[in-house]
Amino acid sequence: MPEDSGKELTMVTCSAPVNIAVIKYCEYRMILKTTTTVACSRLFQEDRIWLNGKEEDITQPRLQSCLREIRRLARKRRSDGEADVDTAGLSHKVHICSVNNFPTAAGLASSAAGYACLVYTLSRVMGVEGELSVVSRQGSGSACRSMHGGFVQWIMGQQGDGKDSLAQQVEPETHWPELRVLVLVVSAERKPVGSTSGMQTSVETSILLKHRADSVVPARMKEMIEAVHKRDFTAFAELTMKDSNQFHATCLDTYPPIFYLNDVSRCVINLVHRYNRHYRETKVAYTFDAGPNAVIYTLQQNVEEFVQVVKHFFPPETNGGQFLKGLPVAPTTLSEEL
Ligand code: ADP
Ligand code: CO
């Protein structure tokens, strides 16, 4: 864009999907998404951000890292003589407005979609191109996976701090069209422990996590890529469930322990296993991230029935509330009929 074209306002809006790790910390795009608008103007006095309509603290280190890094890349491109750098975008302050169409900080990866979207939108405003997943990682580790669609593998970098790790597409979103994702919102409340600080404590204290990282995850990644490649639902589902369970075991092995699952989450786990046992076939899988909400994978032909089963055991609240929310269901009451 021409330098100082006299524009008072430049504005760009983008959206990014959330992503769910099937080997914790490859995944799937979903309709849960973040929409972010970045405006820049010489009339703005300072950088500001609004999340879901509420102004947030722009001085948070992760936000600052993302802003700083994009501006640095834009400056570098400008000094390299690239013509499309928006110099107005570079020298002016930005106002960021972001909305998640799903609960924020409740274990549904808002940080991933949020930072992926923020970094991408900023890059459009400032005219930055190239590999942005490294930048988005400054905001949230899992954000680099939301920068691409389909099935994505997160590849560790060379530096110990992981800041140079990036995400690579394993298969495009068209690869497995029958695969479906259901999200059962157990609780829309903000989780007590943020994913990043929780992960930090786990790295420091959990022996199981170390074993998992050294001996379990590398082999599982290979098996998972193979399962996705062959569209082998049984293999995909079993790996996904085992990996979710082991991840939550490492949370329990963290000292002090971290509890992300609640009684309703555990009921969902029981229900899935009973359902699969009933059919003597693995038709449905669950995974839980750092929160109590269940992400269910199944094939299209099973969706309708499984949704009926869920509704049967976890009737939606009559006041229009969310699925499963806060229901005191004891595990023993589950699916005796299955
Ligand atoms: P989650 O399980 O939803 O990822 P985290 O604790 O990992 O929860 O991250 C939540 C934090 O991510 C929020 O407090 C906020 O700082 C950041 N975040 C979430 N959504 C956005 C967004 N749309 N834009 C910018 N930052 C966001
Ligand atoms: Co997160």
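Biologist: Where is the place of Asn262?
Modeller: Asn262 sits in the loop between H7 and H8. Helices (H or I, at least four residues) and strands (E, at least two) are DSSP runs, numbered from the N terminus. This is a predicted model, where local features need pLDDT of at least 70, side-chain atom pairs count only at pLDDT 80 or more, and totals for chains, interfaces and linings use all residues. Residues are numbered from 1 along each chain as its sequence is written, while chains are lettered from A and ligands numbered from 1 in the order in which they are written.

Biologist: OK, and why does Asn262 count as partly exposed?
Modeller: Because it has 14 C-beta neighbours inside 10 Å. A residue is buried with 20 or more other C-beta atoms within 10 Å of its own, exposed with 12 or fewer, and partly exposed in between, with C-beta atoms placed from the backbone.

Biologist: Which residues is Asn262 in contact with, leaving aside neighbours within four places in sequence?
Modeller: Val186 and Pro292. Contact is when the C-beta atoms, placed from the backbone, lie within 7 Å. There's also Ser187, 75 residues from Asn262 in sequence and 9.4 Å away in space, C-alpha to C-alpha.

Biologist: Switching to the open sheet, what's the strand order?
Modeller: E8-E10-E9, three strands with antiparallel pairing. Two strands pair if DSSP finds at least two bridges between them. Strand E8 (179-184) and strand E9 (284-288) are at the edges with a single partner strand each, so one side of each has no neighbour in the sheet. On average, neighbouring strands here are turned by 25 degrees against each other, direction ignored.

Biologist: How many bridges between E9 and E10?
Modeller: Five, in the antiparallel sense, with E10 covering residues 294-299. One bridge partner to look at is Ala294 in E10, which goes with Phe288.

Biologist: New topic: which residues come nearest to ligand 1?
Modeller: Of the 20 residues around it, Ser98, Ser110, Ser111, Gly114 and Gly194 do. Near means a C-beta atom, placed from the backbone, within 6 Å of the molecule or strand. Strand E5 (93-100) and helix H3 (110-126) are the elements giving two or more residues to that shell.

Methods: Axes are lines fitted to C-alpha atoms, for helices over the stretch in contact, and angles run from 0 to 180 degrees between N-to-C directions. Two residues are in contact if their C-beta atoms, placed from the backbone, lie within 7 Å.
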